[in-house]
Structure formats: structure tokens, C-alpha cells
Amino acid sequence: SPAVLAVSGSDAIVDWVLLELRSTAQPATVLHSRSALLRRDGRITEKDGTSPVSFAAPAGNYRIALLHRNHLGVISNAPIALSNTAIS
């Protein structure tokens with residue numbers, strides 16, 4: 001919404017990214033993906049600009065990929081354990 005983009009300071013939205021949860025056995029296999037917002041302070045949030053990004057995925061181990069329109073994508077080297085608890 002326009003109000004989210006009007007925020008200034010370290011909480012200001014500077015861009016958007018695509019987050020992917022990938023298979024640990026086959027890292028090229030995308031299991032779930034979500035678009036998210038990137039803040040000036042480096043945090044990645046839901047589209048409201050403040051909430052942590054959540055996935056409708058079962059708890060388990062995933063490789064996390066981060067894709068940006070102007071930069072090379074990155075993927076976690078080791079699987080990350082995800083659950084219903086928010087992580088940084």
C-alpha cells in the first residue's frame with residue numbers, strides 16, 4: 001500500500017525480493033516461494049513492511065534462496081530447520 005512505501009528512516013522499504021524454500025536433497029527444486037519487502041535496515045518483511053515472512057509449509061529442513069531482480073541469487077549452504085516459531 002502507499003502507506004508502507006511512505007515510511008522513512010531505517011524502516012523504509014527500498015526494494016522487493018523473492019524468497020524460496022528449496023529441497024535439501026535437490027536444491028534446484030523449489031517447494032514454496034513468496035515475494036517480500038526489503039527494508040533499509042536489511043530486514044525482509046511481509047508486504048505490510050513490519051511482519052516476519054511466513055510460509056504455508058510444513059515444519060522441516062529447507063535450503064533458503066533469496067532472489068533479487070538486479071543481483072545474483074543466493075542459497076543457504078546448509079539446510080535450515082523451520083518451524084512455527086519465527087527466526088531471523
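The lining of the largest pocket splits into 16 nonpolar, 9 polar and 2 charged residues (nonpolar: Ala, Val, Leu, Ile, Met, Phe, Trp, Tyr, Cys and Pro; charged: Asp, Glu, Lys and Arg; polar: the others, Gly among them). We're working with a predicted model, where local features need pLDDT of at least 70, side-chain atom pairs count only at pLDDT 80 or more, and totals for chains, interfaces and linings use all residues. Numbering runs from 1 along each chain as its sequence is written, and side-chain values use heavy atoms, with hydrogens and water left out.

**Exercise 1.** Work out how much space lies in the largest pocket, and which residues are closest to its centre.

*Solution.* Start with the space: about 790 Å³. Next, the centre: among the 27 lining residues, Pro-52, Val-53, Ser-54, Ala-86 and Ile-87 are the closest to it. A pocket here is an open set of 1 Å grid points over the protein atoms alone where a 1.4 Å probe fits, with protein on both sides within 12 Å along at least five of seven lines; lining residues have an atom within 4 Å of a point. Finally, β4 gives the most to the lining, with 3 residues (strands are DSSP E runs of at least two residues, numbered from the N terminus).

**Exercise 2.** Find the strands that pair with β4.

*Solution.* Take β1 to begin with: 5 bridges join this strand to β4, antiparallel (pairing needs at least two DSSP bridges). Leu-19 sits opposite Leu-66 of β4. Then β6: 3 bridges, again antiparallel, with Asn-61 opposite Ala-81. Last, β5 (residues 71–75) pairs antiparallel with β4 over 3 bridges, and a hairpin links the two through 2 residues.

Definitions and conventions
Points joined across faces, edges and corners; volume = space filled by probe spheres on them. Helix = DSSP H or I, 4+ residues; strand = E, 2+ residues; numbered from the N terminus.
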